[in-house]
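Good morning, and thank you for making time for this presentation.

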Amino acid sequence: MERAYAPYSQFRVGAALVSADGAVFTGCNVENSAYPAGICAERSALAAAVAGGAREFSLLVIASEADDPTPPCGMCRQALVEFAPRLAIVSYTKHGTEAEWSLAALLPHPFTPAALTHHQ
Ligand code: THU
């Protein structure tokens, strides 16, 4: 979260993705003057993890500056479910407030790779 580049929203987010073998990959939101070119902390962590060789994940930890713990946005839920349909998610504020969800609860009836292999 401290390394987030968020000059437009002033809303810094950090994410840590724990792989099946216990490795931790971190990310932060990286905004852009062309606003849609920005990326969330969660997908930033996912990209770092996949680039680092991990594809199975057990836990996502989020830290944000919100008053209440924030869950990942819809786009990040979809990006995460591709690799970790049973992901556990814990979110903290800078005040230490904590919330927990499963990705399955946050994204019921996800679109998955199976849809592409069974369409013919
Ligand atoms: N953001 C995240 O990085 N993760 C979330 O879960 C919600 C939103 C970022 C995107 C943007 O840089 C800023 O927070 C405000 O939406």
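The model is a predicted one, and in it helix α1, residues 41-51, lies across β1 (13-19), β2 and β3 (57-64). Its direction relative to β2 is about 140°.

Which residues of α1 are buried? They are Ala41, Glu42, Arg43, Ser44, Ala45, Leu46 and Ala49. These residues pack against β1, β2, β3 and also α2. Please note Ser44, which lies in this helix. Ser44 counts as buried because its relative accessibility is 18%, and the cut-off for that term is under 20%. Setting aside residues up to four places away in sequence, Ser44 touches Gly27, Cys28 and Ile39. Just after α1, Gly53 takes a positive phi of about 100°.

I turn now to the sheet. It is open, it has five strands in the order β2-β1-β3-β4-β5, and its pairing is mixed. The edge strands are β2, residues 24-28, and β5, residues 98-102, each of which pairs on one side only. From one strand to the next, the twist averages 15°.

β3 and β4 run parallel and are joined by six bridges; Leu59, for example, has Ala88 of β4 as its bridge partner. Strand β4, residues 88-93, and β5 run antiparallel, with five bridges between them. On that side, Ala88 has Ser102 of β5 as its bridge partner, and Val90 stands opposite Glu100. The hairpin of β4 and β5 has four residues between the strands, and within this hairpin Gly96 takes a positive phi near 95°.

In α2, residues 74-81, the buried residues are Cys76, Arg77, Leu80 and Val81. Why do they line one face of the helix? Viewed down the axis of α2, they fall within an arc of 130°, so they share that face. The general principle is that an α-helix has 3.6 residues a turn, so residues three or four places apart point the same way.

In general terms, nonpolar side chains tend to be buried together in soluble globular proteins.

Leu17 illustrates how such a residue is surrounded. Not counting residues up to four places away in sequence, Leu17 touches Ala23, Val24, Phe25, Ala45, Leu46, Ala49, Phe57, Leu59, Leu60, Leu80 and Leu87.

Finally, I would draw your attention to Ala6, in the segment before β1. Is Ala6 buried or exposed? Ala6 is buried, because its relative accessible area is 8%, where the cut-off is under 20%. Leaving aside neighbours within four places in sequence, Ala6 is in contact with Phe11, Arg12, Asn29 and Glu31. Ala6 and Asn32 are 26 residues apart along the chain, and 8.2 Å separates their C-alpha atoms.

To close, I return to two points. The sheet is open and mixed, with five strands, and α1 lies across β1, β2 and β3. Thank you for your attention.

Technical notes: Residues numbered from 1 in each chain as written. Predicted model: local features only at pLDDT ≥ 70, side-chain atom pairs only at ≥ 80, totals over all residues. Heavy atoms only, no water. Pairing = 2+ DSSP bridges. Helix = DSSP H or I, 4+ residues; strand = E, 2+ residues; numbered from the N terminus. Axes fitted to C-alpha atoms, helices over the stretch in contact; angles between N-to-C directions. Contact = heavy atoms within 4.5 Å. Buried < 20%, exposed > 50% of the residue type's maximum accessible area, 1.4 Å probe, protein only. Arc of directions from axis to C-beta.
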